Amino acid sequence: MTSRERIECALNHEQADRVAVDLGATNATGISAVVYNKLKKLLGIEGGGIRVVDIIQQLAEVEVPVLDALGGDVVMVRRLAMSLGIPFHNYKPGVLSDGTKCMQVENYNPEVNEKGEPVIYKLADGNDRLHPHPKGEPGFDAGKVIAKMPQGMHAYTRVYHPMPEVGSIEEIDNYVYPGVEDDEVDFLKREAERLYKTTDKALCGIFFGNVLEMGQIYWGYQKFFENMALEKDMMHHFFEVRTDAFVRDLERYLGAVGDYIQIIDFCDDLGSQSNLLMSPEMYREMVKPYHARMFQYVKNNYPNVKVFFHSCGAVYDIIPDFIEIGVDILNPIQITAKGMDPMRLKREFGKNLVLWGGGVDTQTTLNSGSVDDVRAQAREMLDIFAGGGGYVFSQVHNIEANVPAENVVAAFETAKNYVIK
């Protein structure tokens, strides 16, 4: 059975020859480039290189030889600009936070501030694929710091919000919002066709479609949630504007990759460790209709492409809403979050959703447990999730820079060799 066939079995809730596995097919199932370098050495895989595919999280592109060694069945069809709005046209030599040589995107030019922190500036050429700008001002806020890497960290944090003072429908309409452009369409088609024809892996197309998170990026968290509570008409207008644009982008995006991908990845974090970020009622009123429009576009026009929805945290109370609006796959299955009991999730939702992730906890076990601890938890989660199909093994979230490479191998070898009961 090929990897693509194995994933298709999982997506159709059928039993395959073994458990389907994902490492690095999304920007929430990835691996820090720092750890990836150590992982390749541990596996004895030479050649290739360390290529960073997500600037803000400093995630590595997981190469096919590594996937084959660990049982990985899915590859990422990435966006042209994966994070911070910086296009990935070409790569250049660079170094990671620990000094490891790597390949970074050519427009990645961090500088060090007075605190010794690497910082990234907004592109001065107006070629920003993430942040909106007022009409007629494509170079708006050029040169401002948009992200920094705090001391001791190996990834960046956002510090820039382009619309903090916007407070009316008229002001929202005065902004230009980036979308899928012609160069990205060409890139997507080439990349999807290449991966489809040169590997036997399933293809996960990264779309994002972050209705909620875009507002958080544009206004900042506090102002955004104040607007959600106090300026509902304005925020509905904003969500309409962004969703109209996302649906137009979906048409172009799927026109380029729809014949090749099996999965399309949407993201919007709706939970914290202990609760939802808003009440279920507010989600249903303010956000759900816009998620539904995007998901239903895929369902109506590309029925063979499964809708993958990444939403961190304690989202148990609104999982039935996800199912209702067309989600096929739920990730990350944050097993330590409140209400996200693995057995209950499998029992209540395992027939309606593919559960993707939850294989080993990335807050405790994977980064601070022993190899035996990792193997034990992976087996425990596989015993719960794997039976009856409808499951893809992956760690709960991205593998951080402090995770021992031995623990990564332990988790994925356990999944690769697991005998389905």
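**Entry 1: Gly-350**

I looked up the contacts of Gly-350 and found that, leaving aside neighbours within four places in sequence, Gly-350 is in contact with His-13 and Leu-345; contact means heavy atoms within 4.5 Å. The model is a predicted one, in which local features need pLDDT of at least 70 and side-chain atom pairs count only at pLDDT 80 or more, while totals for chains, interfaces and linings use all residues. Residues are numbered from 1 along each chain as its sequence is written, and side-chain values use heavy atoms, with hydrogens and water left out.

I placed Gly-350 in the loop between helix 11 (342-349) and strand 17 (354-356). Helices (H or I, at least four residues) and strands (E, at least two) are DSSP runs, numbered from the N terminus. Gly-350 has a relative accessible area of 9% and is therefore buried; buried means under 20% relative accessible area, exposed over 50%, and partly exposed in between (1.4 Å probe, protein chains only).

**Entry 2: Cys-312**

I found Cys-312 in the loop between strand 15 (306-310) and helix 10 (319-324). Cys-312 is buried, at a relative accessible area of 10%. Not counting residues up to four places away in sequence, Cys-312 touches Asp-269, Leu-270, Gly-271, Pro-332, Gln-334 and His-397.

**Entry 3: Helices 6 and 7**

I examined how helix 6 (residues 211-219) meets helix 7 (residues 221-230): their axes come within 7 Å and cross at roughly 120°. Axes are lines fitted to C-alpha atoms, for helices over the stretch in contact, and angles run from 0 to 180 degrees between N-to-C directions. The two helices are therefore oblique to each other; angles under 35 degrees count as roughly parallel, over 145 as roughly antiparallel, 65 to 115 as roughly perpendicular and the rest as oblique. On the helix 6 side, I listed Leu-212, Gly-215, Gln-216 and Trp-219, which meet residues of helix 7 including Tyr-221, Phe-224 and Asn-227.

**Entry 4: Trp-219 and the core**

I then followed Trp-219, which touches, among others, His-161, Met-163, Ile-172 and Phe-238, not counting residues up to four places away in sequence. Trp-219 is also one of the residues that touch the most other members of the largest nonpolar core, which has 150 residues. A nonpolar core is a set of buried Ala, Val, Leu, Ile, Met, Phe, Trp, Tyr and Cys residues joined through side-chain atoms within 4.5 Å.
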